[in-house]
Amino acid sequence: MHSDLFYQSGNLCQLSIGRGVSVSTAEREHWEGSAPAAAIGSMVVFQSAMALTVPLLLALGPSAATWLRLIGASAVLWIVARPRYEELSRRAILIAGLLGVATCGMAVFYAEAIARIPLGMTTAIQFLGPLGVAVAASSGLRSAMWAALAGLGVVLLALTRSGWSVDPVGIGFALGAAAAWAGYILLTKRVGQAFAGLGGLTVSLTVAAMVATPVGLITLKDGASGWAMAASAVLGVLVPVVPYGLEMLALRRMTPRAFGVLMSLDPAISTLAGFLLLHQAISAQRAVGILCVVAASVGASLRGTANS
């Protein structure tokens, strides 16, 4: 669950996680050994949680499980954040509502994808969202090369000589998640300007839960157990907390460029989590495809930070 209210154009380290932190130059230059470990730990925790969530997705239905997670997260935020009434202007609610639609699409499409195709493949394809925004914010041949490399990676992930390597519907959902993530990134800055603190996040997650309600109710599997439903709601509260805290720790102790490069490893870590926890096979072609996406993300992150 992304929870950023700030976005700096062209900076992939903030785009890729949808979070931003204001730190001083001295803090950015102060590198501590715990910072890289915190950044990597954030990805490990989040991707492991996503892998362990797959059984719940299958038990409840991907969209239904995601809907329950959104309800849990938004309910807690209303208790903790308590948005101020004076912030809730018509324009602010509209912008936060649009962000909520993007958040809903990102979460639901991602869940539908990982229920059909390997976790690492889904994460790699979804990375096209922030990567595309970073490339669009830049210009020149080098940016086009990173985009082409990422596209080659997705082709290697999705296709073989005999046709689709996995369910094409899953690929479509992953691409939908990438598009929604790009929209999320573009809307985040405007929501951060309209709200203080976590007010915008609270409103947007509430809208996301409302938008997901019809499809969640329709797709909720018959006979779904109460414990599975409760577990999904609890995950909506717990899963973001530890990764978010670790990312905050890392961003206060390392440069944005270094952080962006580390976060580019997310597809590889996701693949490893799928292999270890879900026993999802990794073919040589898929490994090369994921490496292409990681390399493109690293390249765009370095270039984006240099231009920012």
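This is a predicted model: local features need pLDDT of at least 70, side-chain atom pairs count only at pLDDT 80 or more; totals for chains, interfaces and linings use all residues.
**Entry 1. Isoleucine 125**

I set aside its neighbours within four places in sequence. What remains is contact with Val154, Leu157, Ile171, Ala174, Leu175 and Ala178.

Next I looked up the core around it. Ile125 is among the residues with the most contacts inside the largest nonpolar core, along with Met121, Ile171 and Tyr184. That core has 32 residues. Which elements give two or more residues to it? I found helix 5, helix 6, helix 8 (141-158), helix 9, helix 10 (199-219) and helix 15 (284-307). Helix 9 gives the largest share, 9 residues.

I also noted a second, separate core. It has 28 residues, including Trp67, Cys104, Ala111 and Val239. For background, I wrote down that nonpolar side chains in soluble globular proteins tend to be buried together.

**Entry 2. Glutamine 126**

I moved one entry on to glutamine 126, in helix 6. Is this residue buried or exposed? Its relative accessibility is 8%, so I logged glutamine 126 as buried; the cut-off for buried is under 20%.

I then listed what glutamine 126 touches, not counting residues up to four places away in sequence. The list is Met106, Tyr110, Ala174, Ala177, Ala178 and Trp181.

Two packed helices are described by the angle between their axes and the distance between the axes. I looked up both values for each pair.

Helix 5 and helix 6 came up with axes within 9 Å, crossing at roughly 145°. Their crossing is right-handed. On the helix 5 side I listed Met106, Tyr110, Ala113 and Ile114. They meet Leu119, Thr122, Thr123 and Gln126 of helix 6.

Then I checked helix 6 against helix 14. Their axes come within 7 Å and cross at roughly 165°. That angle makes helix 6 roughly antiparallel to helix 14. The helix 6 and helix 14 crossing is right-handed. Helix 6 brings Leu119, Gly120, Thr123 and Ala124 to this contact. Helix 14 brings Asp266, Pro267, Ser270, Thr271, Ala273 and Gly274.

**Entry 3. Helix 7 on helix 9**

How do helix 7 and helix 9 pack? Their axes are 7 Å apart, at an angle of about 50°. I therefore logged helix 7 and helix 9 as oblique to each other. Helix 7 passes helix 9 in a right-handed crossing.

I wrote down the residues that meet. From helix 7 they are Leu128, Gly129, Pro130 and Val133. From helix 9 they are Leu175, Ala178, Trp181, Ala182, Ile185 and Leu186.

**Entry 4. Aromatic pairs**

A pair of aromatic rings is described by the distance of the centres and the angle of the planes. How many aromatic pairs are there? I count 2 aromatic pairs.

I checked accessibility for both. Phenylalanine 109 is partly exposed at 30%. Phenylalanine 173 is partly exposed at 22%.

Phenylalanine 127 and tryptophan 181 also pair, edge-to-face. I noted 5.7 Å centre to centre and 85° between the planes. This pair also links distant parts of the chain, 54 residues apart. Phenylalanine 127 sits in the loop between helix 6 (119-126) and helix 7 (128-137), and tryptophan 181 is in helix 9. I found both phenylalanine 127 and tryptophan 181 buried.

**Entry 5. Two loop residues**

I looked up serine 138 next. Serine 138 is in the loop between helix 7 and helix 8. At 17% relative accessibility, serine 138 counts as buried. I also checked its C-alpha distance to alanine 300. The two C-alpha atoms are separated by 8.8 Å, although the residues are 162 apart along the chain.

My last stop was histidine 279, in the loop between helix 14 (266-278) and helix 15. Its phi is near 60°, a positive value in a residue other than glycine. Most residues other than glycine have a negative phi. Is histidine 279 buried or exposed? I logged histidine 279 as exposed, at 68% relative accessibility.

Terms used:
Residues are numbered from 1 along each chain as its sequence is written. Side-chain values use heavy atoms; hydrogens and water are left out. Rings of Phe, Tyr and Trp (its six-membered ring) pair if their centres lie within 6.5 Å; planes under 30 degrees apart count as stacked, over 60 as edge-to-face and the rest as tilted. Buried means under 20% relative accessible area, exposed over 50%, partly exposed in between (1.4 Å probe, protein chains only). Helices (H or I, at least four residues) and strands (E, at least two) are DSSP runs, numbered from the N terminus. A nonpolar core is a set of buried Ala, Val, Leu, Ile, Met, Phe, Trp, Tyr and Cys residues joined through side-chain atoms within 4.5 Å. Contact means heavy atoms within 4.5 Å. Axes are lines fitted to C-alpha atoms, for helices over the stretch in contact, and angles run from 0 to 180 degrees between N-to-C directions. Angles under 35 degrees count as roughly parallel, over 145 as roughly antiparallel, 65 to 115 as roughly perpendicular and the rest as oblique. A crossing is left-handed if the near helix is turned anticlockwise from the far one by less than a right angle, and right-handed if clockwise.
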